[in-house]
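User: I'd like to learn how to read a fold from its model. Can you walk me through it?

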Amino acid sequence: MTALSFGATVLDAGRTRFRLWAPALAEVGLEIDRLPAVAMTALGDGWFETEVSCGPGARYRYRLPNGLAVPDPASRAQADDVHGPSVVVDPDRYPWRNADWRGRPWRDSVLYELHTGLFGGFDGVRAALPRLAELGITAVELMPVSDFSGTRNWGYDGVLPFAPDRAYGSPEQLKALVDSAHDLQLMMFLDVVYNHFGPDGNYLASYAPQFFRDDLHTPWGVAIDFRRPQVRRFFTENALYWLHEYRFDGLRLDAVHAIGDPAWLDEMAAEVRSAIEPGRHVHLVLEHDGNEAGHLRRDFTAQWNDDAHHALHVLLTGERDGYYRDYVDATRHLARCLKEGFAYQGDPSIHRDGRPRGTPSADLAPTKFIVFLQNHDQIGNRPLGDRLARLADRDALKAAVALQLLAPCIPLIFMGEETFDERPFLFFTDFHGELATAVREGRRREFRHFAGFASEKISDPNARESFECCRVTATGDSGFYRTLLALRQSAIVPRLEGARAIDAQVIGPSAVEGRWRLGDGSLLTIAANLSTEACPLIGPGASQLYESRPDAVRNSQLRDRSTVAFLAPPS
(Lines give C-alpha, C1' and ligand atoms only; values in the text may rest on other atoms or scores of the structure.)
Protein backbone atom coordinates (compact mmCIF):
# COMPACT_ATOMS: atom_id res chain seq x y z
CA MET A 1 0.00 0.00 0.00
CA THR A 2 1.18 3.52 -0.82
CA ALA A 3 1.07 5.76 2.27
CA LEU A 4 -1.01 8.69 0.99
CA SER A 5 -1.31 12.02 2.74
CA PHE A 6 -4.67 12.45 1.00
CA GLY A 7 -7.81 10.38 0.80
CA ALA A 8 -9.09 7.20 2.42
CA THR A 9 -6.65 4.75 4.02
CA VAL A 10 -7.90 1.38 5.28
CA LEU A 11 -6.41 0.83 8.75
CA ASP A 12 -7.95 -2.62 9.29
CA ALA A 13 -10.95 -4.57 8.05
CA GLY A 14 -13.42 -2.31 9.80
CA ARG A 15 -11.78 1.07 10.18
CA THR A 16 -10.68 3.73 7.69
CA ARG A 17 -8.95 7.11 8.01
CA PHE A 18 -10.01 10.00 5.79
CA ARG A 19 -7.88 13.09 5.08
CA LEU A 20 -8.74 16.16 3.01
CA TRP A 21 -6.84 19.37 2.32
CA ALA A 22 -9.46 22.14 2.26
CA PRO A 23 -7.63 25.37 3.16
CA ALA A 24 -10.57 27.59 2.16
CA LEU A 25 -12.91 26.02 4.76
CA ALA A 26 -13.29 26.16 8.54
CA GLU A 27 -15.18 22.86 8.71
CA VAL A 28 -15.86 19.76 6.61
CA GLY A 29 -18.17 16.79 7.12
CA LEU A 30 -17.75 13.18 5.98
CA GLU A 31 -20.76 11.21 4.70
CA ILE A 32 -20.57 7.42 4.62
CA ASP A 33 -23.18 5.48 2.63
CA ARG A 34 -25.63 8.40 2.84
CA LEU A 35 -25.59 8.46 6.63
CA PRO A 36 -25.52 11.85 8.39
CA ALA A 37 -22.25 13.67 8.01
CA VAL A 38 -19.52 13.22 10.64
CA ALA A 39 -17.53 16.33 11.48
CA MET A 40 -13.87 16.02 10.54
CA THR A 41 -11.14 17.30 12.84
CA ALA A 42 -9.25 20.39 11.73
CA LEU A 43 -5.52 19.68 12.02
CA GLY A 44 -4.29 23.08 10.90
CA ASP A 45 -2.74 24.29 7.65
CA GLY A 46 -5.97 23.40 5.86
CA TRP A 47 -5.98 19.69 6.75
CA PHE A 48 -9.03 17.77 8.02
CA GLU A 49 -9.01 14.18 9.27
CA THR A 50 -11.24 11.60 10.88
CA GLU A 51 -11.32 7.83 11.49
CA VAL A 52 -14.58 5.99 10.91
CA SER A 53 -15.86 2.46 11.40
CA CYS A 54 -16.16 1.34 7.78
CA GLY A 55 -14.18 -0.84 5.41
CA PRO A 56 -13.59 -1.51 1.73
CA GLY A 57 -16.61 -0.89 -0.44
CA ALA A 58 -18.00 1.94 1.68
CA ARG A 59 -19.21 4.90 -0.37
CA TYR A 60 -18.34 8.36 0.87
CA ARG A 61 -18.35 12.06 0.05
CA TYR A 62 -17.20 15.22 1.76
CA ARG A 63 -19.95 17.66 2.74
CA LEU A 64 -19.00 21.33 2.53
CA PRO A 65 -20.55 24.10 4.68
CA ASN A 66 -22.56 25.39 1.69
CA GLY A 67 -24.24 21.98 1.39
CA LEU A 68 -22.26 20.79 -1.62
CA ALA A 69 -21.22 17.11 -1.47
CA VAL A 70 -17.99 16.37 -3.35
CA PRO A 71 -15.97 13.25 -4.19
CA ASP A 72 -12.53 12.68 -2.69
CA PRO A 73 -9.85 14.31 -4.90
CA ALA A 74 -7.66 11.30 -4.03
CA SER A 75 -10.44 8.77 -4.61
CA ARG A 76 -9.08 5.32 -5.45
CA ALA A 77 -12.38 4.45 -7.16
CA GLN A 78 -15.76 5.99 -7.95
CA ALA A 79 -19.14 4.33 -7.50
CA ASP A 80 -20.36 5.69 -10.83
CA ASP A 81 -19.00 8.88 -12.43
CA VAL A 82 -16.95 11.87 -11.31
CA HIS A 83 -19.86 13.66 -9.61
CA GLY A 84 -20.87 10.71 -7.45
CA PRO A 85 -19.51 9.16 -4.26
CA SER A 86 -16.02 7.76 -3.88
CA VAL A 87 -15.40 4.17 -2.78
CA VAL A 88 -13.07 2.95 -0.04
CA VAL A 89 -10.54 0.56 -1.59
CA ASP A 90 -8.15 -1.83 0.13
CA PRO A 91 -5.15 -1.82 -2.23
CA ASP A 92 -3.69 -4.94 -0.61
CA ARG A 93 -6.60 -7.18 -1.52
CA TYR A 94 -5.38 -8.05 -5.01
CA PRO A 95 -3.21 -11.25 -4.93
CA TRP A 96 -0.30 -10.43 -7.23
CA ARG A 97 1.08 -13.38 -9.19
CA ASN A 98 4.18 -11.46 -10.24
CA ALA A 99 5.09 -9.63 -7.05
CA ASP A 100 8.76 -10.35 -7.76
CA TRP A 101 8.70 -8.87 -11.29
CA ARG A 102 11.57 -6.40 -11.67
CA GLY A 103 10.78 -5.06 -15.13
CA ARG A 104 13.06 -4.81 -18.12
CA PRO A 105 15.98 -2.53 -19.00
CA TRP A 106 15.08 0.57 -20.98
CA ARG A 107 17.06 -0.62 -23.98
CA ASP A 108 14.52 -3.44 -24.47
CA SER A 109 11.65 -0.99 -24.93
CA VAL A 110 9.36 -1.03 -27.94
CA LEU A 111 6.37 1.02 -26.84
CA TYR A 112 2.82 0.47 -28.07
CA GLU A 113 0.44 3.32 -27.27
CA LEU A 114 -3.25 2.48 -27.09
CA HIS A 115 -6.58 3.82 -25.90
CA THR A 116 -8.09 1.51 -23.30
CA GLY A 117 -11.71 2.26 -24.19
CA LEU A 118 -11.23 1.41 -27.85
CA PHE A 119 -9.84 -1.97 -26.81
CA GLY A 120 -12.90 -2.69 -24.67
CA GLY A 121 -11.61 -1.65 -21.26
CA PHE A 122 -8.97 -3.23 -19.06
CA ASP A 123 -10.15 -6.76 -19.83
CA GLY A 124 -10.09 -6.02 -23.56
CA VAL A 125 -6.50 -4.81 -23.41
CA ARG A 126 -5.64 -7.89 -21.36
CA ALA A 127 -7.03 -10.14 -24.10
CA ALA A 128 -4.87 -8.37 -26.70
CA LEU A 129 -1.60 -8.82 -24.81
CA PRO A 130 -0.57 -12.18 -26.35
CA ARG A 131 -0.93 -10.72 -29.85
CA LEU A 132 1.17 -7.69 -28.95
CA ALA A 133 3.86 -9.84 -27.34
CA GLU A 134 3.98 -12.04 -30.43
CA LEU A 135 4.32 -8.94 -32.61
CA GLY A 136 7.48 -7.96 -30.75
CA ILE A 137 6.10 -5.24 -28.47
CA THR A 138 7.82 -5.11 -25.09
CA ALA A 139 5.94 -2.25 -23.40
CA VAL A 140 2.25 -1.31 -23.58
CA GLU A 141 1.49 2.35 -22.87
CA LEU A 142 -2.06 3.22 -21.82
CA MET A 143 -3.40 6.66 -22.59
CA PRO A 144 -4.62 8.24 -19.32
CA VAL A 145 -7.14 6.16 -17.40
CA SER A 146 -7.82 8.53 -14.46
CA ASP A 147 -11.53 9.20 -13.93
CA PHE A 148 -13.10 11.63 -16.40
CA SER A 149 -16.65 12.81 -17.03
CA GLY A 150 -18.77 10.41 -19.09
CA THR A 151 -17.71 7.15 -20.69
CA ARG A 152 -15.71 8.31 -23.75
CA ASN A 153 -12.64 10.51 -23.52
CA TRP A 154 -9.01 10.57 -24.59
CA GLY A 155 -8.20 10.72 -20.87
CA TYR A 156 -6.63 14.18 -20.75
CA ASP A 157 -9.82 15.58 -19.19
CA GLY A 158 -9.37 13.55 -16.00
CA VAL A 159 -10.37 15.11 -12.68
CA LEU A 160 -9.67 12.33 -10.16
CA PRO A 161 -6.03 11.34 -10.75
CA PHE A 162 -5.98 8.32 -8.41
CA ALA A 163 -9.19 6.63 -9.63
CA PRO A 164 -9.17 4.32 -12.69
CA ASP A 165 -12.20 5.25 -14.75
CA ARG A 166 -15.15 3.00 -14.02
CA ALA A 167 -16.00 2.81 -17.75
CA TYR A 168 -12.82 0.75 -18.21
CA GLY A 169 -13.18 -1.52 -15.20
CA SER A 170 -12.36 -1.81 -11.51
CA PRO A 171 -9.02 -1.26 -9.77
CA GLU A 172 -8.70 -5.04 -9.53
CA GLN A 173 -9.23 -5.41 -13.29
CA LEU A 174 -6.48 -2.86 -13.95
CA LYS A 175 -4.15 -4.75 -11.62
CA ALA A 176 -5.03 -7.99 -13.39
CA LEU A 177 -4.09 -6.33 -16.68
CA VAL A 178 -0.68 -5.32 -15.33
CA ASP A 179 -0.19 -8.79 -13.82
CA SER A 180 -1.05 -10.49 -17.12
CA ALA A 181 1.38 -8.25 -18.98
CA HIS A 182 4.13 -9.29 -16.61
CA ASP A 183 3.17 -12.94 -17.21
CA LEU A 184 4.21 -12.29 -20.82
CA GLN A 185 7.34 -10.29 -19.93
CA LEU A 186 5.63 -7.14 -21.15
CA MET A 187 6.17 -3.84 -19.37
CA MET A 188 3.17 -1.60 -18.65
CA PHE A 189 3.35 2.19 -18.91
CA LEU A 190 0.71 4.74 -17.94
CA ASP A 191 0.24 8.23 -19.33
CA VAL A 192 -0.40 10.68 -16.47
CA VAL A 193 -1.57 14.30 -16.62
CA TYR A 194 -0.15 16.69 -14.03
CA ASN A 195 -0.55 19.98 -15.90
CA HIS A 196 -4.31 20.63 -15.61
CA PHE A 197 -7.67 19.17 -14.60
CA GLY A 198 -10.57 18.51 -16.95
CA PRO A 199 -13.51 20.92 -17.28
CA ASP A 200 -16.23 18.75 -15.70
CA GLY A 201 -16.16 17.18 -12.24
CA ASN A 202 -13.25 19.06 -10.67
CA TYR A 203 -14.46 20.40 -7.31
CA LEU A 204 -11.10 21.46 -5.90
CA ALA A 205 -11.77 25.18 -6.42
CA SER A 206 -14.77 24.98 -4.06
CA TYR A 207 -12.64 24.08 -1.03
CA ALA A 208 -8.99 24.41 -2.14
CA PRO A 209 -8.70 27.30 -4.62
CA GLN A 210 -5.06 27.51 -3.51
CA PHE A 211 -4.51 24.45 -5.71
CA PHE A 212 -4.55 26.76 -8.71
CA ARG A 213 -2.76 29.87 -9.92
CA ASP A 214 -4.56 33.08 -10.86
CA ASP A 215 -1.59 34.41 -12.83
CA LEU A 216 -0.95 31.52 -15.19
CA HIS A 217 -3.05 29.53 -17.64
CA THR A 218 -2.46 26.49 -19.82
CA PRO A 219 -4.07 25.85 -23.23
CA TRP A 220 -6.53 23.61 -21.37
CA GLY A 221 -7.48 25.85 -18.45
CA VAL A 222 -6.16 27.33 -15.24
CA ALA A 223 -2.65 26.27 -14.19
CA ILE A 224 -1.90 24.16 -11.11
CA ASP A 225 0.13 25.87 -8.39
CA PHE A 226 3.20 23.69 -7.94
CA ARG A 227 4.73 26.32 -5.67
CA ARG A 228 2.62 24.92 -2.82
CA PRO A 229 4.03 21.93 -0.91
CA GLN A 230 0.61 20.28 -0.59
CA VAL A 231 0.15 20.37 -4.36
CA ARG A 232 3.63 19.02 -4.99
CA ARG A 233 2.92 16.22 -2.52
CA PHE A 234 -0.40 15.36 -4.16
CA PHE A 235 1.19 14.67 -7.53
CA THR A 236 4.38 13.07 -6.22
CA GLU A 237 2.23 10.61 -4.28
CA ASN A 238 0.19 10.01 -7.42
CA ALA A 239 3.30 8.95 -9.33
CA LEU A 240 4.39 6.66 -6.51
CA TYR A 241 0.85 5.28 -6.23
CA TRP A 242 0.74 4.02 -9.82
CA LEU A 243 4.22 2.55 -9.55
CA HIS A 244 3.69 0.85 -6.19
CA GLU A 245 0.00 -0.10 -5.92
CA TYR A 246 -0.47 -0.99 -9.59
CA ARG A 247 3.12 -1.97 -10.31
CA PHE A 248 3.34 -0.04 -13.57
CA ASP A 249 6.83 -0.17 -15.04
CA GLY A 250 6.85 3.42 -16.20
CA LEU A 251 5.00 6.69 -16.47
CA ARG A 252 4.72 9.07 -19.39
CA LEU A 253 4.19 12.64 -18.11
CA ASP A 254 1.99 14.64 -20.44
CA ALA A 255 2.97 18.14 -21.63
CA VAL A 256 5.26 19.01 -18.74
CA HIS A 257 6.12 22.35 -20.37
CA ALA A 258 2.76 23.49 -18.96
CA ILE A 259 3.85 22.82 -15.35
CA GLY A 260 4.67 26.19 -13.81
CA ASP A 261 7.50 24.98 -11.57
CA PRO A 262 9.76 22.60 -13.53
CA ALA A 263 11.90 22.03 -10.42
CA TRP A 264 9.10 19.84 -9.10
CA LEU A 265 9.70 17.40 -11.94
CA ASP A 266 13.25 16.67 -10.81
CA GLU A 267 12.18 16.61 -7.17
CA MET A 268 9.48 14.04 -7.93
CA ALA A 269 11.75 11.91 -10.13
CA ALA A 270 14.45 11.83 -7.44
CA GLU A 271 11.93 10.65 -4.86
CA VAL A 272 10.68 7.95 -7.21
CA ARG A 273 14.22 6.70 -7.71
CA SER A 274 14.82 6.55 -3.96
CA ALA A 275 11.50 4.83 -3.25
CA ILE A 276 11.63 2.05 -5.84
CA GLU A 277 12.82 -1.36 -4.70
CA PRO A 278 16.47 -2.15 -5.44
CA GLY A 279 16.93 -3.90 -8.75
CA ARG A 280 13.55 -2.91 -10.15
CA HIS A 281 13.47 -1.16 -13.53
CA VAL A 282 11.14 1.87 -13.53
CA HIS A 283 11.14 4.35 -16.39
CA LEU A 284 10.02 7.99 -16.37
CA VAL A 285 9.26 9.55 -19.77
CA LEU A 286 8.55 13.18 -20.58
CA GLU A 287 6.59 15.02 -23.22
CA HIS A 288 8.05 18.54 -23.39
CA ASP A 289 7.22 20.86 -26.28
CA GLY A 290 10.12 23.10 -25.31
CA ASN A 291 12.77 20.42 -26.00
CA GLU A 292 14.20 20.89 -22.50
CA ALA A 293 17.03 18.34 -22.27
CA GLY A 294 18.18 19.09 -18.73
CA HIS A 295 15.77 16.66 -17.07
CA LEU A 296 17.28 13.85 -19.15
CA ARG A 297 20.63 14.35 -17.44
CA ARG A 298 19.04 13.68 -14.05
CA ASP A 299 16.43 11.06 -13.17
CA PHE A 300 14.23 10.97 -16.25
CA THR A 301 14.70 8.09 -18.65
CA ALA A 302 13.71 9.58 -22.00
CA GLN A 303 11.60 12.12 -23.83
CA TRP A 304 9.25 12.05 -26.81
CA ASN A 305 11.05 13.50 -29.83
CA ASP A 306 8.48 15.65 -31.62
CA ASP A 307 11.19 17.04 -33.91
CA ALA A 308 11.90 13.63 -35.42
CA HIS A 309 8.20 13.04 -35.97
CA HIS A 310 7.61 16.42 -37.56
CA ALA A 311 10.54 16.07 -39.95
CA LEU A 312 9.48 12.57 -41.01
CA HIS A 313 5.86 13.66 -41.41
CA VAL A 314 6.81 16.53 -43.70
CA LEU A 315 9.02 14.24 -45.79
CA LEU A 316 6.24 11.65 -46.11
CA THR A 317 3.30 14.00 -46.74
CA GLY A 318 4.68 17.35 -47.91
CA GLU A 319 2.44 19.14 -45.41
CA ARG A 320 3.49 22.58 -44.18
CA ASP A 321 0.52 23.63 -42.02
CA GLY A 322 0.70 24.67 -38.37
CA TYR A 323 3.86 23.67 -36.57
CA TYR A 324 5.09 21.85 -39.67
CA ARG A 325 6.13 25.31 -40.93
CA ASP A 326 9.23 24.88 -38.79
CA TYR A 327 10.31 21.84 -40.83
CA VAL A 328 10.55 23.09 -44.38
CA ASP A 329 14.16 21.92 -44.22
CA ALA A 330 12.96 18.54 -43.02
CA THR A 331 15.83 16.42 -44.35
CA ARG A 332 18.42 18.47 -42.48
CA HIS A 333 16.26 18.44 -39.36
CA LEU A 334 15.91 14.66 -39.54
CA ALA A 335 19.67 14.24 -39.89
CA ARG A 336 20.23 16.42 -36.83
CA CYS A 337 17.74 14.34 -34.85
CA LEU A 338 19.62 11.15 -35.72
CA LYS A 339 22.94 12.70 -34.74
CA GLU A 340 22.06 14.96 -31.79
CA GLY A 341 18.57 14.16 -30.51
CA PHE A 342 16.58 17.35 -31.02
CA ALA A 343 16.49 19.37 -34.23
CA TYR A 344 15.69 22.57 -32.33
CA GLN A 345 18.31 23.24 -29.66
CA GLY A 346 17.80 26.96 -29.08
CA ASP A 347 17.10 27.73 -32.73
CA PRO A 348 14.43 30.31 -33.67
CA SER A 349 11.00 28.84 -34.38
CA ILE A 350 8.89 30.40 -37.14
CA HIS A 351 5.78 28.81 -35.65
CA ARG A 352 6.57 30.54 -32.35
CA ASP A 353 7.06 33.97 -33.92
CA GLY A 354 10.83 33.58 -34.06
CA ARG A 355 11.29 32.73 -30.40
CA PRO A 356 14.09 30.24 -29.64
CA ARG A 357 13.08 26.67 -28.86
CA GLY A 358 15.05 23.88 -27.23
CA THR A 359 18.32 23.29 -25.43
CA PRO A 360 21.50 21.41 -26.47
CA SER A 361 21.09 17.64 -26.57
CA ALA A 362 24.07 16.32 -28.56
CA ASP A 363 25.73 14.80 -25.48
CA LEU A 364 22.78 12.51 -24.76
CA ALA A 365 22.56 8.86 -25.77
CA PRO A 366 20.13 8.00 -28.60
CA THR A 367 18.08 5.90 -26.17
CA LYS A 368 17.14 9.14 -24.36
CA PHE A 369 14.80 9.90 -27.26
CA ILE A 370 11.56 8.17 -28.23
CA VAL A 371 10.85 8.29 -31.96
CA PHE A 372 7.39 7.77 -33.42
CA LEU A 373 5.76 8.20 -36.79
CA GLN A 374 2.30 8.53 -35.24
CA ASN A 375 0.74 8.93 -31.81
CA HIS A 376 -2.60 10.01 -30.37
CA ASP A 377 -1.78 13.72 -30.77
CA GLN A 378 -0.30 13.62 -34.23
CA ILE A 379 -3.28 11.72 -35.65
CA GLY A 380 -6.15 12.86 -33.46
CA ASN A 381 -5.26 16.55 -33.58
CA ARG A 382 -5.74 16.62 -37.31
CA PRO A 383 -9.10 17.85 -38.66
CA LEU A 384 -10.10 14.41 -39.92
CA GLY A 385 -7.92 12.19 -37.73
CA ASP A 386 -6.29 10.66 -40.79
CA ARG A 387 -3.36 8.26 -40.44
CA LEU A 388 -0.18 8.02 -42.49
CA ALA A 389 -1.50 4.90 -44.17
CA ARG A 390 -3.95 7.21 -45.99
CA LEU A 391 -1.58 10.15 -46.43
CA ALA A 392 1.74 8.66 -47.53
CA ASP A 393 3.09 6.43 -50.24
CA ARG A 394 3.23 2.89 -48.84
CA ASP A 395 6.85 2.15 -49.83
CA ALA A 396 8.05 5.49 -48.45
CA LEU A 397 6.14 4.83 -45.24
CA LYS A 398 7.76 1.40 -44.91
CA ALA A 399 11.17 2.98 -45.44
CA ALA A 400 10.44 5.42 -42.60
CA VAL A 401 9.24 2.58 -40.36
CA ALA A 402 12.45 0.66 -41.02
CA LEU A 403 14.52 3.70 -40.03
CA GLN A 404 12.45 4.15 -36.88
CA LEU A 405 12.60 0.53 -35.75
CA LEU A 406 16.26 -0.15 -36.48
CA ALA A 407 17.80 3.12 -35.27
CA PRO A 408 19.16 3.11 -31.69
CA CYS A 409 16.44 5.50 -30.45
CA ILE A 410 13.50 3.92 -28.61
CA PRO A 411 10.52 3.35 -30.94
CA LEU A 412 6.86 3.99 -30.15
CA ILE A 413 4.05 2.53 -32.25
CA PHE A 414 0.46 3.78 -32.09
CA MET A 415 -2.33 1.22 -32.10
CA GLY A 416 -3.17 0.07 -35.62
CA GLU A 417 0.13 1.15 -37.16
CA GLU A 418 1.37 -2.43 -37.27
CA THR A 419 -1.29 -3.38 -39.83
CA PHE A 420 -1.26 -0.02 -41.67
CA ASP A 421 -4.82 0.52 -40.48
CA GLU A 422 -6.56 3.38 -42.32
CA ARG A 423 -9.33 3.99 -39.79
CA PRO A 424 -9.17 7.51 -38.36
CA PHE A 425 -8.34 8.33 -34.78
CA LEU A 426 -10.56 11.26 -33.84
CA PHE A 427 -10.78 13.47 -30.80
CA PHE A 428 -13.76 12.30 -28.73
CA THR A 429 -15.48 13.29 -25.49
CA ASP A 430 -18.74 12.58 -23.71
CA PHE A 431 -19.81 16.04 -22.59
CA HIS A 432 -23.31 17.49 -22.58
CA GLY A 433 -25.07 20.83 -22.72
CA GLU A 434 -23.05 24.04 -22.96
CA LEU A 435 -19.74 22.26 -22.44
CA ALA A 436 -20.41 19.93 -25.37
CA THR A 437 -21.21 22.93 -27.56
CA ALA A 438 -18.05 24.75 -26.45
CA VAL A 439 -15.86 21.73 -27.19
CA ARG A 440 -17.45 21.16 -30.60
CA GLU A 441 -17.14 24.79 -31.70
CA GLY A 442 -13.67 25.15 -30.21
CA ARG A 443 -12.53 22.15 -32.21
CA ARG A 444 -13.72 23.74 -35.43
CA ARG A 445 -12.02 27.05 -34.65
CA GLU A 446 -8.78 25.18 -33.94
CA PHE A 447 -8.53 23.87 -37.51
CA ARG A 448 -9.28 27.04 -39.45
CA HIS A 449 -5.59 27.43 -40.30
CA PHE A 450 -5.37 24.01 -41.98
CA ALA A 451 -5.25 23.97 -45.77
CA GLY A 452 -8.47 22.69 -47.31
CA PHE A 453 -10.34 23.14 -44.02
CA ALA A 454 -14.10 22.61 -44.18
CA SER A 455 -15.86 22.86 -40.84
CA GLU A 456 -18.76 20.66 -41.91
CA LYS A 457 -16.34 17.73 -42.22
CA ILE A 458 -15.20 17.98 -38.60
CA SER A 459 -16.99 15.34 -36.56
CA ASP A 460 -18.74 16.22 -33.33
CA PRO A 461 -16.39 14.98 -30.56
CA ASN A 462 -19.40 14.10 -28.39
CA ALA A 463 -21.10 11.89 -30.95
CA ARG A 464 -20.73 8.20 -30.20
CA GLU A 465 -19.81 7.64 -33.84
CA SER A 466 -16.66 9.73 -33.31
CA PHE A 467 -15.56 7.10 -30.81
CA GLU A 468 -16.79 3.95 -32.53
CA CYS A 469 -15.19 4.67 -35.89
CA CYS A 470 -11.76 4.73 -34.24
CA ARG A 471 -11.74 1.07 -33.23
CA VAL A 472 -8.90 -0.90 -34.79
CA THR A 473 -8.89 -4.62 -35.51
CA ALA A 474 -6.11 -7.19 -35.54
CA THR A 475 -7.12 -8.60 -38.92
CA GLY A 476 -4.50 -6.87 -41.05
CA ASP A 477 -1.06 -8.21 -41.93
CA SER A 478 1.51 -7.21 -39.31
CA GLY A 479 4.34 -9.22 -40.85
CA PHE A 480 6.37 -6.16 -41.89
CA TYR A 481 6.50 -4.86 -38.33
CA ARG A 482 7.03 -8.33 -36.88
CA THR A 483 10.09 -8.90 -39.07
CA LEU A 484 11.65 -5.56 -38.17
CA LEU A 485 10.98 -5.93 -34.44
CA ALA A 486 12.49 -9.40 -34.39
CA LEU A 487 15.58 -8.02 -36.12
CA ARG A 488 15.76 -5.15 -33.66
CA GLN A 489 15.66 -7.52 -30.69
CA SER A 490 18.29 -9.86 -32.11
CA ALA A 491 20.75 -7.43 -33.72
CA ILE A 492 20.27 -3.98 -32.15
CA VAL A 493 18.98 -4.30 -28.59
CA PRO A 494 21.85 -6.49 -27.25
CA ARG A 495 24.28 -3.78 -28.44
CA LEU A 496 22.35 -0.68 -27.31
CA GLU A 497 23.94 -0.12 -23.91
CA GLY A 498 26.54 2.58 -24.45
CA ALA A 499 25.51 3.34 -28.05
CA ARG A 500 26.48 6.79 -29.38
CA ALA A 501 25.84 8.65 -32.61
CA ILE A 502 28.88 9.23 -34.79
CA ASP A 503 27.36 11.28 -37.59
CA ALA A 504 24.32 11.83 -39.76
CA GLN A 505 24.18 13.62 -43.07
CA VAL A 506 21.89 14.56 -45.90
CA ILE A 507 22.57 12.38 -48.96
CA GLY A 508 19.64 13.45 -51.13
CA PRO A 509 16.66 15.83 -51.24
CA SER A 510 14.68 13.52 -48.90
CA ALA A 511 17.43 11.10 -47.89
CA VAL A 512 19.66 10.78 -44.83
CA GLU A 513 22.42 8.48 -43.63
CA GLY A 514 23.15 7.95 -39.94
CA ARG A 515 26.00 6.11 -38.24
CA TRP A 516 26.21 4.92 -34.65
CA ARG A 517 28.91 3.19 -32.60
CA LEU A 518 27.03 0.57 -30.61
CA GLY A 519 27.94 -0.53 -27.13
CA ASP A 520 29.96 -3.57 -28.23
CA GLY A 521 31.99 -1.48 -30.67
CA SER A 522 30.09 -2.50 -33.79
CA LEU A 523 29.14 0.15 -36.35
CA LEU A 524 25.50 0.55 -37.41
CA THR A 525 24.77 2.49 -40.59
CA ILE A 526 21.25 3.25 -41.81
CA ALA A 527 20.39 5.13 -44.99
CA ALA A 528 16.81 6.12 -45.73
CA ASN A 529 15.57 7.64 -48.97
CA LEU A 530 11.95 8.83 -48.81
CA SER A 531 12.13 10.50 -52.23
CA THR A 532 10.70 9.20 -55.50
CA GLU A 533 14.19 9.38 -57.04
CA ALA A 534 17.32 7.35 -56.31
CA CYS A 535 20.21 9.05 -54.53
CA PRO A 536 23.97 8.36 -54.29
CA LEU A 537 25.07 6.01 -51.53
CA ILE A 538 28.61 4.85 -50.87
CA GLY A 539 28.18 1.70 -48.80
CA PRO A 540 30.19 1.31 -45.60
CA GLY A 541 31.77 -1.93 -46.72
CA ALA A 542 29.89 -3.92 -44.09
CA SER A 543 27.38 -6.73 -44.15
CA GLN A 544 23.89 -5.65 -45.09
CA LEU A 545 21.51 -6.14 -42.17
CA TYR A 546 18.24 -5.17 -43.83
CA GLU A 547 16.64 -3.58 -46.88
CA SER A 548 13.04 -2.39 -47.04
CA ARG A 549 12.78 -3.06 -50.80
CA PRO A 550 14.58 -5.61 -52.98
CA ASP A 551 17.84 -4.39 -54.50
CA ALA A 552 17.70 -1.24 -52.41
CA VAL A 553 21.36 -0.54 -53.19
CA ARG A 554 22.67 -0.93 -56.72
CA ASN A 555 25.58 0.75 -58.49
CA SER A 556 26.27 3.04 -55.53
CA GLN A 557 22.69 4.24 -55.59
CA LEU A 558 19.97 3.93 -52.93
CA ARG A 559 16.75 3.39 -54.79
CA ASP A 560 13.68 5.53 -54.21
CA ARG A 561 11.52 5.00 -51.10
CA SER A 562 13.97 2.58 -49.53
CA THR A 563 15.90 2.07 -46.32
CA VAL A 564 18.99 -0.07 -45.96
CA ALA A 565 20.93 -0.96 -42.80
CA PHE A 566 24.49 -2.27 -42.40
CA LEU A 567 26.17 -3.68 -39.30
CA ALA A 568 29.97 -3.90 -39.14
CA PRO A 569 31.65 -5.88 -36.35
CA PRO A 570 33.94 -4.13 -33.84
CA SER A 571 37.18 -3.09 -35.51
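Analyst: Let's go through a strand, its neighbours, the core, a helix and a loop. This is a predicted model, so to speak of local features we need pLDDT of at least 70, side-chain atom pairs count only at pLDDT 80 or more, and totals for chains, interfaces and linings use all residues. Residues are numbered from 1 along each chain as its sequence is written, and side-chain values use heavy atoms, with hydrogens and water left out.

User: Which way do the side chains of strand 11 point?

Analyst: In a regular strand, side chains alternate between the two faces of the sheet. Strands (E, at least two residues) and helices (H or I, at least four) are DSSP runs, numbered from the N terminus. In strand 11 (residues 139-142), Ala139 and Glu141 point one way, Val140 and Leu142 the other way, and all are buried. Buried means under 20% relative accessible area, exposed over 50%, and partly exposed in between (1.4 Å probe, protein chains only).

User: Which strands pair with strand 11?

Analyst: Two strands pair if DSSP finds at least two bridges between them. Strand 10 (residues 111-114) is parallel to strand 11, with four bridges, and Tyr112 sits opposite Val140. Strand 14 (residues 187-192) also runs parallel to strand 11, again over four bridges; there Val140 has Met188 as its bridge partner.

User: What do strand 10, helix 1 and strand 11 make?

Analyst: A right-handed β-α-β unit, with helix 1 covering residues 121-135. Right-handed means that, with the strands pointing away from you, the path from the first strand over the helix to the second runs clockwise.

User: Which residues have the most contacts inside the largest nonpolar core?

Analyst: A nonpolar core is a set of buried Ala, Val, Leu, Ile, Met, Phe, Trp, Tyr and Cys residues joined through side-chain atoms within 4.5 Å. The largest has 159 residues, and Phe18, Leu142 and Trp242 have the most contacts inside it. Helix 9 (residues 394-406) gives the largest share, nine residues.

User: Is helix 3 enclosed or open, and why?

Analyst: Helix 3 is largely enclosed by the rest of the structure, because 13 of its 16 residues are buried.

User: Where is Asp421 found, and is it buried or exposed?

Analyst: Asp421 is in the loop between strand 23 (410-414) and helix 10 (433-446). Asp421 counts as buried because its relative accessibility is 7%. A polar atom of the Asp421 side chain lies 2.8 Å from the backbone nitrogen of Arg423.

How values were computed
A polar contact is a pair of N or O atoms within 3.5 Å; within protein, one must be able to donate a hydrogen and the other to accept it, and residues adjacent in sequence count only if both atoms are side-chain atoms.
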